[in-house]
Number of protein chains: 2
Amino acid sequence: MELWFSEQHTPNVRLSIKVDRQLFSETTEFQRVDIFESTEFGRILVIDGRIMMTERDEFIYHEMITHVPLCVNPDVRRVLLVGGGDGGSVRELLKYDTIDKIDLVEVDEAVVRACRKFIPKTAACLDNPRVEIFFADGLKFIRRKENFYDLIIVDYTDPLGAGEGLFTREFYGNCFAALTVGGIMVNQHENPFYSSDIAAMQRAHKRLTASFPIVRAYQIHIPTYPAGQWLFGFASKKFHPTRDVDLARWNSLALQTNYYNTRIHVGAFALPTYVMKTLSAAE
Amino acid sequence: MELWFSEQHTPNVRLSIKVDRQLFSETTEFQRVDIFESTEFGRILVIDGRIMMTERDEFIYHEMITHVPLCVNPDVRRVLLVGGGDGGSVRELLKYDTIDKIDLVEVDEAVVRACRKFIPKTAACLDNPRVEIFFADGLKFIRRKENFYDLIIVDYTDPLGAGEGLFTREFYGNCFAALTVGGIMVNQHENPFYSSDIAAMQRAHKRLTASFPIVRAYQIHIPTYPAGQWLFGFASKKFHPTRDVDLARWNSLALQTNYYNTRIHVGAFALPTYVMKTLSAAE
């Protein structure tokens with residue numbers, strides 16, 4: 001039997017992956033959540049038809065969304081993770097002994113439940129005592145906090161689905177207020193290639209630059225995302241991501257990573273000319 | 001009507017692009033050559049079922065295969081291009097007034113003929129008087145040359161098709177001999193992600209390191225290639241690609257590019273840890 005999962009990257013482009021079987025499928029009040037088993041990518045988490053992560057390439061996304069800010073500020077103690085119910089970002093954050101507490105705010109408990117059961121590779125770490133999970137709306141959750149977190153990561157990939165509120169200007173302003181003086185925020189800057197996605201990238205960038213004094217985008221190669229490319233936004237109250245960074249200090253921690261290293265830390269902020277132009281146009 | 005072109009990136013992964021129509025199709029003694037018209041990617045050149053270039057993203061490949069070596073050695077006068085019958089690399093090379101002569105050795109005249117007719121965006125430049133086209137086998141052509149070219153670019157993407165001979169150790173040794181003392185060679189280092197492609201990447205790297213004292217791989221994001229990622233190998237007799245380079249000089253040329261810039265020149269050589277490990281294992 002042949003069973004293929006396809007994701008439309010645009011109405012004219014699709015990526016298809018042969019799957020062995022569907023392990024989980026549930027339509028919640030927020031979204032549809034599916035998990036597939038596949039030969040090429042291992043287990044695949046799909047939300048509303050879009051690949052969120054696969055066991056085979058999730059290390060790229062999760063290492064780059066966490067180690068970049070942690071290298072810039074290795075003194076981070078309190079982290080807020082908005083989204084990220086699969087646990088991949090938590091797993092990477094827990095590599096730092098200096099982190100006391102990770103608050104994970106996930107709107108949909110079904111994501112956590114499904115990943116705990118079927119994707120322990122990322123979700124097993126969610127039982128760690130340094131992690132607290134809140135099933136809540138990130139936008140509301142952040143309103144209550146002030147000068148509290150050293151790092152906020154928006155691990156939420158879809159600005160048109162359940163995560164839409166997370167991308168409003170109010171949300172970014174609240175994140176700024178919730179961060180400590182050395183605070184860093186990382187958000188989704190989307191895929192810069194397809195014309196149908198560029199507006200989302202520009203919107204994310206514009207909102208971040210409206211709230212933070214230092215904003216730089218950085219890029220990753222991730223095979224299962226549209227065009228194989230994804231941008232994160234690095235926003236900070238005082239640290240520039242490549243000038244105010246002690247790369248030797250990060251290397252001295254001797255953490256095991258498979259994508260991230262301090263050379264690619266710097267290299268990831270070097271963007272193609274067409275991406276720089278598109279971001280500048282949004283500032 | 002719906003007409004979809006699909007390329008299998010592995011037996012379990014395929015990328016599909018909706019096409020309007022097929023403009024060209026010919027099976028030559030070397031390979032099958034097709035050109036499609038599409039909404040998302042413009043015209044698409046396909047050889048043996050694999051996408052060689054599309055009008056929409058070819059700038060990424062062609063800028064990065066040419067401007068990287070030209071930035072390192074802006075005194076290049078004679079260039080040998082093996083493959084590259086679509087003309088995209090030639091177009092970029094012709095931006096340098098310092099280049100006197102480009103020899104293009106393409107094994108299959110059908111590629112040049114089809115691109116001249118259907119993809120003038122890249123092929124129109126092939127009529128430039130600084131360009132000479134040889135319909136010949138690159139492996140044999142290079143045997144006759146010694147201390148002649150300042151730059152050799154292997155613009156040939158498939159180590160298993162008609163280009164197989166180009167990847168042999170003899171070929172690299174002959175290229176070394178054909179290069180001047182400051183000579184640079186750029187080759188295909190393939191896609192580093194899928195396990196089915198890693199052997200080809202390691203073979204390309206091994207052969208280059210066996211022939212040249214300085215070899216470094218660099219990466220590009222290209223949406224229509226497997227995993228959205230591609231590596232080039234930079235090999236040189238004396239220039240290190242990021243240490244022996246005058247970035248300000250390249251910027252002073254004020255060339256128009258859409259992907260390449262001097263920050264990404266450096267950034268592209270910063271490879272993910274898993275890619276570095278795989279390359280090191282082949283050295």
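## Aromatic cluster

In this predicted model, A:Tyr61, A:Tyr218, A:Tyr225, A:Trp230, A:Phe232, A:Phe234 and A:Phe269 form one aromatic cluster. Over all chains the structure holds 38 aromatic pairs, where rings of Phe, Tyr and Trp (its six-membered ring) pair if their centres lie within 6.5 Å, and where planes under 30 degrees apart count as stacked, over 60 as edge-to-face and the rest as tilted. The rings of A:Tyr218 and A:Phe269 have centres 4.9 Å apart and planes at 40 degrees, so this pair is tilted. It links distant parts of the chain, since A:Tyr218 belongs to strand E11 (residues 214-221) of chain A and A:Phe269 to the loop between helix H9 (262-267) and helix H10 (273-282) of chain A, 51 residues apart; helices (H or I, at least four residues) and strands (E, at least two) are DSSP runs, numbered from the N terminus.

The centres of the A:Tyr225 and A:Trp230 rings lie 4.9 Å apart with planes at 85 degrees, so the pair is edge-to-face.

## Relation of the chains

Chain A can be laid on chain B with an RMSD of 0.0 Å by a turn of 180 degrees and a shift of 0.0 Å along the axis, superposed by least squares on the C-alpha atoms of residues with pLDDT of at least 70 in both. That is the relation of a two-fold axis.

## Conventions

Residues are numbered from 1 along each chain as its sequence is written, and chains are lettered from A and ligands numbered from 1 in the order in which they are written. Local features need pLDDT of at least 70, side-chain atom pairs count only at pLDDT 80 or more, totals for chains, interfaces and linings use all residues, and side-chain values use heavy atoms, with hydrogens and water left out.
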